[in-house]
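Thanks for coming. I will talk through one structure, taking helices, sheets, aromatic rings and backbone in turn.

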Amino acid sequence: MQAWQVHENGEPGEVMRLAEVDRPEPGEGQVRLLVRAANINFPDALLCRGQYQVRPPLPFTPGVEICGETEDGRRVIANPALPYGGFAEYAVADAAALLPAPDALDDAEAAALHIGYQTGWFALHRRAHLQAGETLLVHAAAGGVGSAAVQLGKAAGAKVIGVVGGQDKAEAARRLGCDVVLDRRTDDVIAAVKEATGGRGADVIYDPVGGDAYAKSAKCVAFEGRIVVVGFASGAIPSPALNHALVKNYSIVGLHWGLYNTKDPQAVLRCHEALTELAAKGAIKPLVSERVAMGEAAAAVQRVADGVTTGRVAVLPHGGAA
């Protein structure tokens, strides 16, 4: 079968190599899946660079989120067990963690439902307790993780302010349903958020970016607001001033979704059921901006790493229009 492999760490476009390899053999409690679609996540780039919290032995195949097919023909969502990741014709996953792919979504959309939407759901509902009528500010609102948070915020009845970089992404954020869209390159984000909220600020801030985005968040968060730290796509990890959080009376909460898979796996299943219901109602639908062929995977991962994509990018190892 064909699979992309990383033999040394570096930039995805430079170190990912397409190779002909044997089909992976599942271990105890695992299954082999035909990969119908693989969604590209920012962690795939970090894996290539050797900067992710998990460092599989070289060589490995990246691709942490797929829509696959079992040997008995079931469509499932899975997080492949590295080193046999999703940018291949076949991957391996833990049998106990397979989730049914929603009928309302095609293969590429289903592949993109899991990590980003689970992260958004746990961040907004479990950690920040977002309420209907509150204002949600989403950084990188047109990206893969941010676009999921926008849709989930709207589904929860919140007013959503999306912060993006550039006019193309601003248009995508509007299509996703943002009530207010701000371009960090041209708009005064802090002043605009305060204006949009009558001076109150945002009740919940969803930050997968870190760096300067976090600094702005701390200046426009509401009284009793919650800043949810989801990631550091900017590459800069902020050092929050805790005296500021005390004086302004807001909360800083972290969200590491992967921990729920071991600490509370039943919560992951309940979240998937909730997401499936929202998808069936049309309240959420992953924004898949590109569907690329197998041979284009490395370049596509590099584009995601460079932050120039909108929504999600899916790799289709077997071709077709999944």
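Predicted model: local features only at pLDDT ≥ 70, side-chain atom pairs only at ≥ 80, totals over all residues.

Start with helix α2, residues 42-49, and helix α12, residues 297-306. Their axes come within 8 Å and cross at roughly 105°. That angle falls within 65 to 115 degrees, and therefore α2 and α12 are roughly perpendicular to each other. On the α2 side, the contact is made by Phe42, Asp44, Ala45 and Arg49, and on the α12 side by Val301, Val304 and Ala305. Sorted by class, this contact of α2 with α12 has five nonpolar residues, two charged residues and no polar ones.

Next is helix α4. In general, two packed helices are described by the angle between their axes and the distance between the axes. For α4 and helix α11, which spans residues 265-280, the angle is about 100° and the axes are 10 Å apart. So α4 and α11 are also roughly perpendicular to each other. From α4, the contact takes in Tyr117, Gln118, Trp121, Phe122 and Arg126. From α11 come Ala267, Val268, Arg270, Cys271, His272, Ala274 and Leu275. By class, the contact of α4 with α11 has eight nonpolar, two polar and two charged residues.

Now the sheet. In general, strands of a sheet pair through backbone hydrogen bonds, either parallel or antiparallel. Here we have an open sheet of six strands, in the order β10-β9-β8-β11-β12-β13, and the pairing is parallel. Which strands stand at the edges? They are β10, residues 180-183, and β13, residues 251-254. Each has a single partner strand, so one side of each is left without a neighbour in the sheet. Ignoring direction, neighbouring strands of this sheet are turned by 20° against each other on average.

Strand β11, residues 202-207, runs parallel to strand β12, residues 221-229, and five bridges join them. Several residues of α4 are buried, among them Ile115, Gly116, Tyr117, Phe122 and Leu124.

There is also an antiparallel pairing to mention. Strand β3, residues 30-39, and strand β6 pair in the antiparallel sense over five bridges. Within that pairing, Leu34 has Tyr90 of β6 as its bridge partner. Strand β6 covers residues 90-94 and is mostly covered, with four of its five residues buried.

On to the aromatic rings. A pair of aromatic rings is described by the distance of the centres and the angle of the planes. Rings count as a pair here if their centres lie within 6.5 Å. By this rule there are two aromatic pairs. One of them, Trp121 with Phe122, is edge-to-face, at 5.5 Å centre to centre and 80° between the planes. Trp121, Phe122 and Tyr260 form one aromatic cluster. How accessible are Trp121 and Phe122? Trp121 has 21% relative accessibility and so counts as partly exposed. Phe122 has a relative accessible area of 0% and is buried. The cut-off for buried is under 20%.

Last, the backbone. Most residues other than glycine have a negative phi, and most peptide bonds are trans. Where are the exceptions I want to show? The peptide bond from Leu58 to Pro59 is cis, with omega near -10°. Pro59 sits in the loop between α2 and β4. Leu82 and Pro83 are also joined by a cis peptide bond, with omega about 20°. Pro83 is in the loop between β5 and β6.

For phi, look at His129, which is not a glycine but has a positive phi of about 50°. His129 lies in the loop between α4 and β8, and with 47% relative accessibility it counts as partly exposed. Asn249, again not a glycine, has a positive phi of about 60°. Asn249 is found in the loop between α9 and β13, and at 37% relative accessibility Asn249 counts as partly exposed.

That is the end of my part.

Technical notes
Residues numbered from 1 in each chain as written. Heavy atoms only, no water. Buried < 20%, exposed > 50% of the residue type's maximum accessible area, 1.4 Å probe, protein only. Helix = DSSP H or I, 4+ residues; strand = E, 2+ residues; numbered from the N terminus. Pairing = 2+ DSSP bridges. Phe/Tyr/Trp six-rings, centres within 6.5 Å; stacked < 30°, edge-to-face > 60°. Axes fitted to C-alpha atoms, helices over the stretch in contact; angles between N-to-C directions. Parallel < 35°, antiparallel > 145°, perpendicular 65-115°, else oblique. Contact = heavy atoms within 4.5 Å. Nonpolar A, V, L, I, M, F, W, Y, C, P; charged D, E, K, R; others polar.
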